[in-house]
Amino acid sequence: MQRYILRRLMQGAVLLVVLAIVVFALARVTGNPADLLLREDATAEDRAHLLKALGLDRPTHQQLLIFLKGAVRGDLGDSIRYRKPAVEVFFERLPNTVGLVSIALVGAMVVAIPLGMLAAVGRGTLVDRAAGAVAVLGIATPSFWLGIVLIYVFSIQLGWLPSARMGTPAHYVLPVITLGAFLVAGMMRLVRSSVLEVLDSEFVKLARIKGLTQTVVLWKHCLRNALIPVVTLFGVFFALLVTGAIVTETVFAWPGVGRLTYEAVIFRDYPLLQAVILLKAIIVLGVNLVVDILYAYLDPRVRYA
Amino acid sequence: MKLLLRLEQPTSGRVLLDGRDVFTLDGTAFREYRTKVQAVFQDPWSSLNPRMRVRDTIAEALVVNRPVSAAQAQARVDEVLQQVGLAPDAGGRYPHEFSGGQRQRIALASALASSPELIVLDEPVSALDVSIRAQVMNLLKDLQAQQPLAYLLVAHNLATVRYIAHRTAVMYLGKIVEYAPTASLFRAPRHPYTKALFAAALPANPDAPREDFVLAGEVPSPIDPPTGCAFHPRCPFAMADCARVAPVAREVDAGHLVSCHLY
Amino acid sequence: MARVDTRLPLDVGPETTTAAAPAGGRGALGRLPWPSFLIIVGMLLVALGAPLLAPHSATEQSLPDKLQPPAWQDGGSTRHLLGTDLLGRDVLSRLIYGARVSLTVAAAALLAGGGIGLAVGIVSGYAGGRLDSLLMRVVDATLTFPTILIALLLAVSLGQGLRTMVIAITLILWARFARVVRGEVLTVKGRDFVALARVHGCSHVRIMAMHILPNVTNTFMVLLSLHIGFVILVEASLSFLGAGIPPPTPSWGQMVADGRGQIASAWWLSFLPGVAILLVVLAFNLFGDWLRDWLDPRLRQQL
Amino acid sequence: MSAGPVLLELRDLHAHLSTRWGVVRAVDGVSLTVREGETLGLVGESGCGKTMTALSILRLLPQPAGRIVAGQILLEGEDLVPKSERQMRRIRGRRISMILQDPQTSLNPVFSVGNQLVEALRVHRAGPRRRLRALAQEALRQVRVAAPAQRLRDFPHQMSGGMKQRVVGAIAVSGPPRVLIADEPTTALDVTIQLQYLTLLEEIQERTRLAMLFITHDFGIVARICDRVAVMYAGRIVESGPTRELFAAPRHPYTQALMAAVPRMDESVERLPAIDGQPPALQRLPPGCRFAPRCRHADDRCQREYPAVFAVGREHEAACWRAESSPSR
């Protein structure tokens with residue numbers, strides 16, 4: 001197990017270096033990053049000045065080395081917009097996103113797992129159809145649009161809930177629903193199909209031959225087996241959300257890393273975007289590793305393999 | 001078996017066809033080999049490409065190895081379809097329209113198309129139902145009677161072997177432990193493993209004597225076979241030598257070879 | 001031609017009824033989802049005939065006409081059936097032209113991403129060994145990385161536009177296709193007819209082309225249909241974030257974004273393009289589900 | 001082995017499956033009896049309805065496709081068909097149990113063997129964990145698993161197929177049930193392991209005197225362990241009788257043809273008489289005798305009318321018009 005983790009960490013490190021180089025290269029290949037920073041009325045002198053300040057006047061390979069060295073030390077350059085280290089900006093925002101995402105994920109699981117199981121057990125019944133319809137809708141609804149509709153209905157028309165920024169617990173409600181809608185849909189589908197698969201298995205047949213009650217069959221045999229893909233998905237979702245709650249955070253002006261990413265794009269804050277992407281990659285890799293370890297714990301076949 | 005079909009490479013040793021080493025063949029000689037050796041596999045549901053017409057499957061070995069015209073290929077397809085007892089219009093259809101027994105006939109037809117010298121039959125009837133099995137076994141016998149054709153039959157069912165094979169080799173963990181004319185082997189099996197196999201095979205006769213020669217233990221992994229005679233850990237007659245020295249084949253009867261320290 | 005397992009009529013084992021049991025109440029064999037189908041056909045027609053169908057120009061501004069509500073609301077007029085935006089542009093016309101953008105991006109990205117994925121999947125699965133593990137490592141790395149970030153990064157560095165959008169989505173798509181196709185190739189490869197093809201003397205290229213490819217086309221078609229909705233959503237999200245097709249070319253995601261500021265006074269600006277996205281994605285997804293159930297029920301578990 | 005009272009009796013059982021290919025009459029009027037301490041072999045080719053018969057008895061037909069449409073299932077005289085799911089749960093495992101065909105998938109891969117065995121024991125008896133654990137060890141010992149204490153901690157994937165099937169056997173007889181249904185339990189096993197397993201089943205039966213319904217397609221297995229045989233074809237039982245008598249003088253043309261078509265171990269045959277054609281699809285059954293299209297003796301009546309069951313010997317019955325000439329019952 002330790003060797004496995006070590007190997008995974010090594011692989012992750014390689015991946016990060018490759019990604020860092022790609023991010024670095026993209027900025028250079030497509031033009032000088034300095035040009036993105038300069039105002040349109042900047043003079044050639046301003047430009048030269050900026051180049052020197054950013055170290056862009058040195059040969060490319062030196063720039064790369066400096067960049068990588070800095071990255072290893074946790075220095076990914078300064079944000080242009082915020083005028084402070086990009087890493088610092090990122091970590092200021094991170095807790096807000098993690099908070100939002102955790103609530104949405106846990107909420108979605110609480111709804112989706114029982115619902116998915118219910119749909120699987122009552123395959124073909126009204127419950128199943130209703131759940132199926134909800135899932136299909138949830139997946140097809142663009143979350144930015146859902147967010148705006150929710151704001152319109154609950155903030156503007158009804159005035160029940162705040163529409164933007166953080167503060168009270170009430171601020172969480174709409175963003176959580178927006179994120180959760182998609183999550184519930186995806187999870188429910190997955191739980192349903194994996195429970196169905198388990199229900200059709202021979203060992204469930206044997207469990208029923210033993211005379212076990214439906215409850216035990218469901219909550220012991222089905223849940224554990226069906227949870228395996230869900231756990232995988234949980235990790236994937238968590239990573240995706242921490243990195244990809246961009247849309248929701250933008251809609252609700254949520255001061256998290258997603259909104260930060262959006263700002264970096266809109267204001268062409270390249271150092272910040274660079275930092276955000278690399279840091280998010282680290283989060284994704286870390287979460288995936290944890291998921292795989294958890295997976296091995298849930299499924300003994302993996303443990304000894 | 002996979003080695004013989006050159007689907008995999010051997011670690012040592014040679015495979016000879018008509019006296020030539022199969023693994024050194026290249027170019028035209030190898031193409032020729034591909035036409036001379038054909039195969040029929042166990043599972044009729046997986047051995048036909050569902051997206052190819054029966055005709056194209058049958059003609060494949062011909063088309064890819066020899067310059068033949070479409071008309072020649074078609075003629076040959078009709079010929080072999082008739083040989084395996086299928087209607088000529090079967091060629092234009094897709095495999096899913098056929099039952100297991102018919103599919104196995106198609107598989108046989110595609111093996112026959114290039115007029116091979118040898119057909120490897122890997123458990124050709126074990127996936128078929130009893131009532132279909134006899135049809136296919138009879139067909140195999142008829143085909144051999146009509147043309148010069150050698151079969152290498154791989155089977156675990158002793159009755160099938162007895163019905164089709166002229167000579168029989170018994171394998172345990174990758175080694176041939178006994179090799180004899182079928183009649184001789186069934187009259188007097190010598191190797192303890194062969195005996196155990198015979199005891200374990202259940203004749204369809206309630207009055208058959210019960211030789212309760214039940215083997216203990218399970219088959220060891222072929223990756224790490226036991227030393228000496230691979231069978232010694234399960235052999236009721238194992239002696240001290242069996243664990244150390246691998247036995248060599250000895251002829252105990254006309255053409256009847258056994259690899260066992262008892263003989 | 002559907003791959004129908006002809007064993008079923010004979011073999012009444014418990015396993016056969018699994019496939020036979022009504023699958024979630026939907027997806028009965030051959031029952032086309034008509035509403036979805038109509039939406040899809042409608043959208044195709046609208047996109048193709050946009051210049052003929054659109055009552056106004058999609059980009060022409062007319063400030064006096066700004067923020068007119070849809071025809072059925074007070075103050076609405078039949079001149080602008082779905083109202084106008086902040087710059088006085090006709091919403092209906094913009095929606096109609098927006099369909100073009102969505103479909104163009106979807107078609108181009110699916111063609112490129114799907115094609116690459118199919119090729120990589122077949123080669124990777126068939127070759128196996130080191131090439132396979134190398135390619136799959138790349139696929140995994142691509143898949144773990146969040147979609148939207150890739151696109152944002154590209155948009156910022158390559159500049160916004162149709163080309164960037166297609167490249168970005170292709171980068172995301174190929175890995176998804178490659179993984180599923182490879183899995184399918186592995187099962188096809190394990191079947192006896194592939195070994196027999198080698199016994200028959202077929203070359204590797206012939207085996208891939210004649211034996212593997214035709215047996216993964218169903219899967220590929222299903223994958224394509226199931227990803228149309230996904231691509232449209234990604235395109236809309238990127239446009240919403242301002243990293244999509246640059247204005248004034250209308251795209252649905254961008255229309256939702258533009259309407260946000262007026263949500264309190266002119267709800268239709270954000271709402272209507274969103275409904276369009278929802279309907280179209282829904283239609284494509286349902287159609288894809290149906291196609292999957294019809295062509296390849298086994299895929300249900302994987303997708 | 002002397003046979004005791006009838007434990008399991010099926011009376012004209014019909015079970016249907018609705019599939020997308022139409023209604024499959026998987027079990028179409030099956031009647032049979034199994035006595036205490038007796039093994040009845042249910043023989044037939046794949047898809048003839050053997051497994052569905054077994055699942056019907058346990059009321060575990062695939063849902064919602066499968067359904068018992070008529071007939072009675074009498075377990076010690078008590079009809080199981082009208083029983084609720086709740087009542088059935090008390091019966092399953094304790095009074096009637098089953099061994100499934102494939103040991104590889106019969107055990108849940110994510111729980112240890114001990115966990116699954118204890119679970120089966122706990123269904124029918126309460127007790128402290130330690131005691132159940134000891135009982136589980138004893139159960140494994142009885143199916144001749146070496147080092148049971150260690151094995152209990154193993155996960156299924158760490159065991160060989162034969163070993164897993166022993167565990168499944170231990171679970172099945174832990175009730176201990178009065179009736180055991182074994183559905184091709186050795187088909188997935190090696191020949192040499194198969195004999196070990198059959199011997200084990202015989203031992204268990206001798207000890208507990210349970211009634212066994214043994215489903216197989218292999219006449220060799222039937223000859224070895226069954227007291228009586230029922231031959232099934234296309235959803236119906238065409239012939240049944242004591243093993244020795246049925247093997248010596250099969251009366252139904254299907255049984256005759258089937259037995260003749262099996263190559264023999266003990267004698268060399270030049271040519272086997274094969275049965276032409278193939279079994280009918282169960283959703284498109286012919287109106288008369290199901291075997292008529294393949295039967296060389298079939299006449300008009302066979303095509304029209306399904307034959308009644310005629311007694312052709314002591315406990316020996318055949319569903320064939322040609323058996324009518326024998327003393328009818």
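In the predicted model, helix α12 of chain A (residues 257–266) packs against helix α13 of chain A (residues 270–298) at an angle of about 145 degrees, and their axes lie 9 Å apart. The crossing of α12(A) with α13(A) is left-handed. On the α12(A) side, the contact involves A:Val257, A:Gly258, A:Leu260, A:Thr261, A:Ala264 and A:Val265. These residues meet A:Leu272, A:Leu273, A:Val276 and A:Lys280 of α13(A). Sorted by class, the residues in the contact of α12(A) with α13(A) comprise seven nonpolar, two polar and one charged.

In chain D, eight strands form an open sheet with mixed pairing, in the order β6-β7-β8-β3-β9-β10-β12-β11. The edges of the sheet are β6 (96–99) and β11 (310–313) of chain D, each of which pairs on one side only. From one strand to the next, the twist averages 20 degrees.

At the β11(D) edge, the pairing with strand β12 of chain D (residues 316–318) is antiparallel and runs over three bridges. Within this part of the sheet, D:Phe310 is placed opposite D:Ala318 of β12(D).

Helix α8 of chain D (residues 191–208) packs on the sheet.

Technical notes
Residues numbered from 1 in each chain as written. Chains lettered and ligands numbered in written order. Predicted model: local features only at pLDDT ≥ 70, side-chain atom pairs only at ≥ 80, totals over all residues. Heavy atoms only, no water. Pairing = 2+ DSSP bridges. Helix = DSSP H or I, 4+ residues; strand = E, 2+ residues; numbered from the N terminus. Axes fitted to C-alpha atoms, helices over the stretch in contact; angles between N-to-C directions. Contact = heavy atoms within 4.5 Å. Left-handed = near helix turned anticlockwise from the far one by under 90°. Nonpolar A, V, L, I, M, F, W, Y, C, P; charged D, E, K, R; others polar.
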